[in-house]
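Thanks for coming, everyone. I have one structure to walk through today, so let me put it on the screen.

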Amino acid sequence: SVAQLLAAWDRTPAFVQGRHLDVLAANPLAVALSPLFRPGTNLLRAVLLDPSASGLEHDREATAAELVAVLRRAAGPDVDDPRLAELVGELSVRSDLFRRLWARHDVRRHPGGGVYRVQHPQVGDLELRYDKFSVADAGDQVLVVYQAEPGSRSAEALALLSSLSDATAPAVRTA
């Protein structure tokens with residue numbers, strides 16, 4: 001049902017992320033908004049290790065700090081989780097920033113919402129409000145939905161991006 005919901009939102013970027021900050025499903029507009037939102041992407045790994053991702057984030061270090069604190073909170077109840085150990089190990093080896101942030105022991109819930117600013121290569125600067133909703137009975141999955149202020153430059157840009165993207169079906173990770 002969540003995949004159907006994503007498919008119905010052809011003018012609203014949205015994706016589902018899992019406990020370890022993996023994108024599990026996304027509609028085409030979310031993927032057009034940012035390659036970070038492609039199913040199969042780990043958001044923290046992309047922000048820390050993908051050089052092309054740093055051009056999309058206005059404040060990469062603040063974004064990484066928030067994601068690390070959210071991951072640490074997810075680790076709380078299950079420190080022996082093999083997937084978590086693998087991700088923390090990989091990022092510890094490959095990212096000085098991750099090591100520094102992980103050592104701070106910051107713990108944070110997923111923020112319920114905020115503002116996402118992105119400089120998109122096709123439609124320019126966008127400022128979008130996002131909201132996060134827990135997916136019931138889905139094991140710490142979160143639905144993330146973006147929207148622009150009606151009538152704003154960002155709303156016009158988002159509508160243009162929607163017309164440029166293939167908004168016919170959601171992308172869903174199958175593995």
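Ground rules come before that. This is a predicted model, where local features need pLDDT of at least 70, side-chain atom pairs count only at pLDDT 80 or more, and totals for chains, interfaces and linings use all residues. Residues are numbered from 1 along each chain as its sequence is written, and side-chain values use heavy atoms, with hydrogens and water left out.

Helices and strands are DSSP runs, H or I of at least four residues for helices and E of at least two for strands, numbered from the N terminus.

Helix packing, then. Take helix 5, residues 60-75, against helix 7. Their axes come within 10 Å and cross at roughly 50°. Axes here are lines fitted to C-alpha atoms, for helices over the stretch in contact, and angles run from 0 to 180 degrees between N-to-C directions. Helix 5 is therefore oblique to helix 7. On the cut-offs: under 35 degrees is roughly parallel, over 145 roughly antiparallel, 65 to 115 roughly perpendicular, and the rest oblique. The crossing of helix 5 and helix 7 is right-handed. Left-handed would have the near helix turned anticlockwise from the far one by less than a right angle; right-handed is clockwise.

Who makes the contact, meaning heavy atoms within 4.5 Å? Helix 5 brings Glu61, Ala64, Ala65, Val68, Leu71 and Arg72. Helix 7 brings Leu97, Phe98, Arg100, Leu101 and Trp102. The contact of helix 5 with helix 7 divides into 8 nonpolar, no polar and 3 charged residues. Nonpolar covers Ala, Val, Leu, Ile, Met, Phe, Trp, Tyr, Cys and Pro; charged covers Asp, Glu, Lys and Arg; the others, Gly among them, are polar.

Next pair: helix 6, residues 82-94, on helix 7. The angle is about 120°, and the axes are 5 Å apart. So helix 6 and helix 7 are oblique to each other. Helix 6 passes helix 7 in a left-handed crossing. From helix 6 the contact takes Val88, Leu91, Ser92, Val93 and Arg94. From helix 7 it takes Asp96, Phe98, Arg99 and Trp102. The contact of helix 6 with helix 7 splits into 5 nonpolar, 1 polar and 3 charged.

Now single residues. Leu33 sits in helix 2. Is Leu33 buried or exposed? Leu33 is buried, at 1% relative accessibility. Buried is under 20% relative accessible area, exposed is over 50%, and partly exposed is in between, with a 1.4 Å probe and protein chains only. Leaving aside neighbours within four places in sequence, Leu33 is in contact with Pro13, Tyr116, Val118, His120, Leu126, Leu128, Tyr146 and Leu161. Leu33 and Leu161 are 128 residues apart in sequence, yet 7.5 Å apart C-alpha to C-alpha.

Pro28 lies in helix 2 too, residues 28-33. Pro28 counts as buried, at 15%.

Move to helix 8, residues 153-164, which holds Ser162. Ser162 is buried, with a relative accessible area of 8%. What does the side chain of Ser162 reach? The backbone oxygen of Asp10, at 2.7 Å. For a polar contact, the N or O atoms of a pair lie within 3.5 Å; within protein, one must be able to donate a hydrogen and the other to accept it, and residues adjacent in sequence count only if both atoms are side-chain atoms. Not counting residues up to four places away in sequence, Ser162 touches Asp10, Arg11 and Leu29.

Strand 4 next. Arg129 is found there. Arg129 is partly exposed, at 43%. A polar atom of the Arg129 side chain lies 3.3 Å from the backbone oxygen of Gly114. Beyond four places in sequence, the contacts of Arg129 are Gly113, Gly114, Val115, Val145, Tyr146 and Gln147. Lys132 is in strand 4 as well, and counts as buried at 18%.

Last item: backbone angles. Most residues other than glycine have a negative phi. Which residues go positive here? His105 has a phi of about 60°. His105 is in the loop between helix 7 (96-103) and strand 3 (113-120), and is exposed at 53%. Asp137 has a positive phi near 55°. Asp137 is in the loop between strand 4 (124-134) and strand 5 (142-147). Asp137 is exposed, at 85%.

That's the tour. Over to you.

Note on methods
Contact means heavy atoms within 4.5 Å.
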